[in-house]
Amino acid sequence: MRKSSTGFTLLEILVVLLIVGLIASVVVVSISGSNYKTELRSATYKISRQIELARNESTFRNELWGIEIKRNTMRFLKFDPVTETWNSQTKRAYISHQLSENFELKLETKDVQQSPQSDELEDSTPNLIIEPSGEITPFEITIEYIPQNLAWYVYSDGLEKAEITTEKRSEYEELFAQ
């Protein structure tokens with residue numbers, strides 16, 4: 001009488017390894033594939049928070065502030081009434097925010113829809129003005145991930161805080177019509 005051995009055959013071990021490998025590859029692909037979505041969401045929230053922080057700072061200090069938006073760069077400026085010039089902010093929270101090359105910022109305000117410009121930061125003229133009262137130029141900023149044609153939006157009517165959405169707001173166009 002032959003005694004049966006306990007254990008796994010080579011074929012069973014190979015099948016298990018194949019299944020584990022397939023599961024691991026699916027996980028890796030899904031994680032790396034959503035990296036741009038995470039970066040887009042993160043950039044959108046950061047831009048929104050920085051705008052609100054600048055509004056609070058402008059109100060608290062009773063100063064006129066501005067925001068300059070170019071192709072993939074956003075920077076904060078403060079108006080100097082003595083020299084009548086706009087100066088870049090040097091505080092860490094307001095240092096120029098630059099997105100990677102795959103992202104593009106587009107600004108739409110009541111008067112004009114601005115196409116992306118070069119990122120050379122020579123001209124210090126803000127696209128958005130923040131009054132000491134906390135009012136801001138009504139705007140909609142599109143943050144677009146170009147390779148996937150995916151975008152998020154930050155908008156404000158000028159009085160309310162900056163809000164975020166994943167869809168372009170048709171109601172926002174009505175706001176500009178007023």
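Reader: Why does Lys168 count as partly exposed?

Author: In this predicted model, Lys168 has a relative accessibility of 39%, and since buried means under 20% and exposed means over 50%, the value for Lys168 falls in between, so the residue counts as partly exposed.

Reader: What makes the contact of Lys168 and Glu140 a salt bridge?

Author: The side chains of Lys168 and Glu140 meet with N and O 2.6 Å apart, and because the definition asks for a Lys or Arg nitrogen within 4 Å of a carboxyl oxygen of Asp or Glu, the pair qualifies. The two residues link distant parts of the chain, with Lys168 in the loop between β10 and α3 and Glu140 in strand β8, 28 residues apart.

Reader: Why is Glu140 called buried?

Author: Its relative accessibility is 1%, and buried means under 20%, so Glu140 counts as buried.

Reader: What makes Arg55 and Glu52 a salt bridge?

Author: Their closest N and O atoms are 3.3 Å apart, and because the cut-off is 4 Å, the pair qualifies; Arg55 and Glu52 are both buried and both lie in helix α2, three residues apart.

Key:
Residues are numbered from 1 along each chain as its sequence is written. This is a predicted model: local features need pLDDT of at least 70, side-chain atom pairs count only at pLDDT 80 or more; totals for chains, interfaces and linings use all residues. Side-chain values use heavy atoms; hydrogens and water are left out. Helices (H or I, at least four residues) and strands (E, at least two) are DSSP runs, numbered from the N terminus. Buried means under 20% relative accessible area, exposed over 50%, partly exposed in between (1.4 Å probe, protein chains only).
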